[in-house]
Amino acid sequence: MWPLYAAGFTTAFGAHGIAANLGGSGEDAVTSLLVLGGLLALYDGAEVLLKPVFGTLADRIGARPVLLGGLVAFAAASALYALAGSPGWLWAARLGQGAAASAFSPAASALVARLNPAAKHGRAFGSYGFYKSVGYTLGPLLGGLLAWAGGLRLLFAVLALLGAGVALWALLAVPHVPPLPRARQTVLDLARRLADPAFLVPTAALAGATAALSVGVGFLPVSGAAAGLGTVATGAAVSVLAACAAVVQPRAGRALDAGRITARAGLTTGLLLTAAGLACATLPGLTGVLLAAALIGTGTGLITPLGFAALASATPQERLGQTMGAAELGRELGDAGGPLLVAGVAAAATLTYGYGALAVLLAVGPAIAVLTGTRRGAADAG
């Protein structure tokens with residue numbers, strides 16, 4: 001399992017480590033905000049398009065070859081800019097990294113499910129999510145130190161070594177997991193499976209959690225600055241968010257495996273906590289920022305392992321790669337859609353209303369579930 005955790009760390013560290021330092025350390029390549037936006041979107045765009053494709057490929061040929069190929073491609077793409085260093089190669093390297101992460105990320109998730117019995121899925125996905133959260137937390141910090149010491153090329157060189165090292169580790173330690181026989185699946189069959197509540201509910205919760213996490217990381221520093229807080233205070237608030245998410249995930253997974261919580265109850269609680277955190281972001285000063293960070297981190301940390309465990313338990317093992325790829329697509333859409341929603345509402349009104357809009361959206365799902373359950377109970381009693 002450890003190479004799979006390392007793969008999760010690699011994709012998170014690579015995504016945030018470079019994204020957080022492109023604007024300040026890529027003066028030759030990043031000549032305008034438009035160019036910066038394009039470079040940031042390139043990575044996520046590749047993931048949106050390719051994760052379902054590579055997830056399906058993992059079911060067809062096995063998740064281990066897709067994992068290894070993705071890690072090797074990530075190392076090669078990173079080495080491309082580390083060696084060349086020209087602005088054009090930065091675009092190529094960033095696109096290559098996104099495409100490579102689209103391969104090894106869903107493959108790693110599928111292997112986490114295949115290599116663990118259903119009774120341990122919560123613990124396994126909790127640990128996997130923990131190390132991804134560590135990557136998200138350390139990416140901007142360590143990436144900034146590397147960029148300060150040697151520019152973006154040094155950061156890309158370290159990522160190349162990291163990808164190659166994890167690929168070698170996975171080659172030696174991750175066992176061969178053969179693809180399972182699959183019944184023929186039509187497009188209609190796929191549509192029915194993806195429209196099933198067993199897929200839609202966890203995926204929607206994962207998308208909402210990712211949306212809130214992205215908004216918290218991106219906009220809480222803006223709220224802190226507007227309240228007169230310095231960069232140290234706002235940076236500490238974002239660290240609180242990431243730390244809460246990292247600490248909660250393994251505990252949530254263990255609670256699921258032990259039967260102390262159900263996936264449905266955990267997802268509902270997580271969404272409500274996340275919505276409460278976004279509501280707290282509307283409060284002025286450091287108190288509002290810290291409360292928002294803690295609640296958003298706790299809520300998203302609760303949702304992530306339970307969502308993936310629920311998907312794994314409801315999916316035939318021969319279709320795990322496809323399901324994980326589709327779920328990762330939902331997360332990427334939430335990652336992009338959350339900030340766009342908040343920014344759009346903030347542009348029309350204020351940032352407070354932007355937080356409120358996303359909070360209401362996240363709270364709607366649990367409210368509908370409660371109302372539906374109440375009506376079903378009344379109907380059964382009648």
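Select Leu141 in helix α6, which spans residues 121–173; helices here are DSSP runs of H or I with at least four residues, strands are runs of E with at least two, and both are numbered from the N terminus. The model is predicted, so local features need pLDDT of at least 70 and side-chain atom pairs count only at pLDDT 80 or more, while totals for chains, interfaces and linings use all residues. Residues are numbered from 1 along each chain as its sequence is written, and side-chain values use heavy atoms, with hydrogens and water left out.

Leu141 counts as exposed because its relative accessibility is 52%; buried means under 20% relative accessible area, exposed over 50%, and partly exposed in between, with a 1.4 Å probe and protein chains only.

Next, go to the aromatic rings. The structure holds eight aromatic pairs. Tyr5 and Tyr131 are stacked, because their ring centres lie 5.3 Å apart and their planes are at 20 degrees. Rings of Phe, Tyr and Trp (its six-membered ring) pair if their centres lie within 6.5 Å; planes under 30 degrees apart are stacked, over 60 edge-to-face and the rest tilted. Tyr5 is buried at 11% relative accessibility, and Tyr131 is partly exposed at 25%. Phe130 and Tyr131 pair edge-to-face, with centres 4.9 Å apart and planes at 85 degrees. Show Trp2 as well: ring pairs link Trp2, Tyr5, Phe130 and Tyr131 into a cluster.

Move to Ser214 in helix α8, residues 197–226. Ser214 is buried, at 18% relative accessibility. Beyond its neighbours within four places in sequence, Ser214 contacts Asp335 and Pro339, where contact means heavy atoms within 4.5 Å.

Then select helix α4, residues 63–84, and follow it to its end. Just after α4, Gly85 has a positive phi of about 80 degrees.

Finally, show the whole chain. The chain has 13 helices and zero strands, and buried residues make up 47% of its 382 residues.

Definitions and conventions:
The expected span of a helix is 1.5 Å times one less than its number of residues.
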